[in-house]
Amino acid sequence: MAYNIRLDGRKFDETREIEAKAGVIKKADGSGYFRIGKTSAYAAVYGPKELFPKSMQDPKTGVLRCNYNMMPFSGAGERVRPGPSRRSKEISMVTKTALLPVVDLTDYPNAVVDVFIELPQTDAGSRCAGICAASIALADAGISMKDVVTAVSCGIVDKQVVIDLDYAEEAYEGGDVADIPVAMIPSTEEITLLQMDGNISRENLKKALEMVKEPLKEIAEIQRKALKDKYK
Amino acid sequence: MNKDFKNHIEKSLSKNIRIDGRKNDEFRKITVETGIISTAEGSARVTCGDTEVIVGVKLDIGKPYPDKLDEGVLMTGAELYPLSNPEFESGPPREESIEIARVIDRGIRETGTIDVKKLCIEAGEKVWMINVDIAPINMDGNLIDIGALAVMAALKDTKFPELKDGVPDYKKISKKKLPISKLPIEITILKIGDTFLVDPTYSEEKLTDARLTVAILEDDSLCAMQKGGEEPLTQESIMKMIDIAIKKSKELRKFLA
């Protein structure tokens with residue numbers, strides 16, 4: 001049976017409902033909230049501030065640090081044990097490399113900019129939601145940026161190329177599934193995060209990466225609007 | 001903190017004026033929402049001024065404690081996320097967050113708020129475990145009172161998942177709610193100089209000489225207490241603080257109705 005109709009009835013290139021806000025955490029220097037379907041992410045930025053221990057400082061530029069964390073009740077199944085895991089450490093690292101290309105911290109030698117991402121609920125696509133929220137938070141904190149970074153997943157469900165897989169689609173058993181989180185700098189179309197889990201042909205990967213461009217640009221507009229709306 | 005600034009605040013407090021214009025016994029504006037987290041069996045978001053806390057409840061099945069073979073288990077955790085305040089750091093839980101979780105836990109557990117005997121599935125083998133996690137999103141003071149209120153709201157919101165071959169099926173949530181029989185409210189009274197105040201902001205908390213958290217039931221009886229801060233308290237002060245707490249608990253209880 002071919003995958004003609006998506007499990008939740010969306011079009012193949014349609015994302016779930018998106019909500020974005022800036023300045024949601026008053027104590028932070030910058031903050032963002034990003035929800036896509038049932039996956040939501042808060043991000044807070046603290047800094048630039050002096051980095052300790054001093055041995056970690058870079059006299060040429062400020063340093064970006066990212067920390068991704070799922071809240072204990074954010075998984076659909078059992079409680080997620082609090083504290084860092086191998087998974088959260090890896091995602092923290094790829095989040096940092098996804099954001100770094102647009103961020104310029106050369107004005108802040110020896111400093112650090114901390115980005116904390118917390119997920120209260122997840123239904124797949126949490127690293128992408130985290131990157132979108134973090135990008136809003138960095139801009140809200142007034143950090144020099146070339147563009148926002150925007151992210152969403154694309155992939156394959158039973159030979160059909162789709163955008164923004166939810167958990168039910170990731171777990172689809174009727175055929176091959178591939179989940180490809182992608183982060184992009186919308187103005188240059190450069191890709192800053194690319195991971196893949198599953199099975200996909202070269203042709204379909206090309207199709208998926210082509211198909212994901214438009215939704216990513218739409219998400220970028222939502223992020224920009226969130227930042228403007230803060231000053232309404 | 002600057003000594004003169006502290007003096008100034010203490011003087012203002014003695015005239016019943018706070019930094020944000022409130023009276024000493026006045027809470028900030030409180031909002032309570034429940035059922036906000038789809039992945040949790042119960043959840044609540046409580047805001048109080050700029051303080052915002054999310055609480056999620058996850059239910060699973062585990063083995064009972066050897067001394068209480070026919071009772072379910074309630075566990076409360078709190079983490080001070082570095083996202084919520086510039087002074088919180090990543091790493092293992094600090095004294096502060098452990099105290100918050102334990103004080104809230106005590107207020108709920110010791111009173112028999114939840115009838116844990118009704119959480120027993122098979123004595124000695126299988127009982128429901130209630131995992132309550134407190135997650136501050138923005139921390140601007142009074143995390144114990146606001147966290148406790150959010151925990152009660154989330155517990156009231158909690159529904160059991162259905163059991164399939166003795167394992168919870170989180171996709172099928174029943175209409176059955178937790179067996180809650182009491183609604184404790186926790187109120188923390190701060191003593192700064194000679195003044196008592198409620199619902200401190202984060203900057204007011206830093207001026208704390210002493211504090212007392214009191215958990216109070218519907219009939220005004222007390223069900224848990226915790227003294228904090230480095231200064232001692234006289235018996236007279238303690239009784240005064242308890243009186244304020246009982247009065248304020250009635251205001252907060254309305255949010256659980």
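Analyst: Two strands pair if DSSP finds at least two bridges between them, while helices (H or I, at least four residues) and strands (E, at least two) are DSSP runs numbered from the N terminus. The model is a predicted one, in which local features need pLDDT of at least 70 and side-chain atom pairs count only at pLDDT 80 or more, whereas totals for chains, interfaces and linings use all residues. Residues are numbered from 1 along each chain as its sequence is written, and chains are lettered from A and ligands numbered from 1 in the order in which they are written.

User: Which residue in the turn between β8(A) and β9(A) has a positive phi?

Analyst: Strand β8 (residues 177-185) and strand β9 (residues 190-194) of chain A pair in the antiparallel sense over four bridges, and A:I185 has A:E190 as its bridge partner. The two strands form a hairpin with four residues between them.

User: Is A:E189 buried or exposed?

Analyst: A residue is buried if 20 or more other C-beta atoms, placed from the backbone, lie within 10 Å of its own, exposed if 12 or fewer, and partly exposed in between. Because A:E189 has 11 other C-beta atoms within 10 Å, it counts as exposed.

User: Is B:N142, which also has a positive phi, buried or exposed?

Analyst: B:N142 is found in the loop between β6 and α3 of chain B, and its phi is near 60 degrees in a residue other than glycine. Because 25 other C-beta atoms lie within 10 Å, B:N142 is buried.

User: Which are the edge strands of the open sheet in chain A?

Analyst: This open sheet has five strands in the order β1-β2-β3-β5-β4, with mixed pairing. Within it, β2 (residues 30-36) and β3 (residues 39-50) pair in the antiparallel sense over seven bridges, and A:I36 stands opposite A:T39. The strands that pair on one side only, and so are called the edge strands, are β1 (18-22) and β4 (63-70) of chain A.

User: Where do the buried residues of α5(A) lie around the helix?

Analyst: Helix α5 (residues 213-229) of chain A has A:L216, A:I219, A:A220, A:Q223, A:A226 and A:L227 buried, whereas A:E214, A:K225, A:K228 and A:D229 are exposed on the other side. The arc, taken from the directions from the helix axis to the C-beta atoms, is 120 degrees for the buried residues, so they line one face of the helix.

User: How far apart are the end C-alpha atoms of α5(B)?

Analyst: The expected span of a helix is 1.5 Å times one less than its number of residues. The 19 residues of α5 (residues 235-253) of chain B should therefore span 27 Å, which agrees with the separation of the end C-alpha atoms, 27 Å.

User: How many residues of chain B are in contact with chain A?

Analyst: Two residues are in contact if their C-beta atoms, placed from the backbone, lie within 7 Å. The elements that give two or more residues to the side of chain B touching chain A are β3 (51-62) and β6 (126-138) of chain B. On chain A, 23 residues take part, and on chain B the number is 28.
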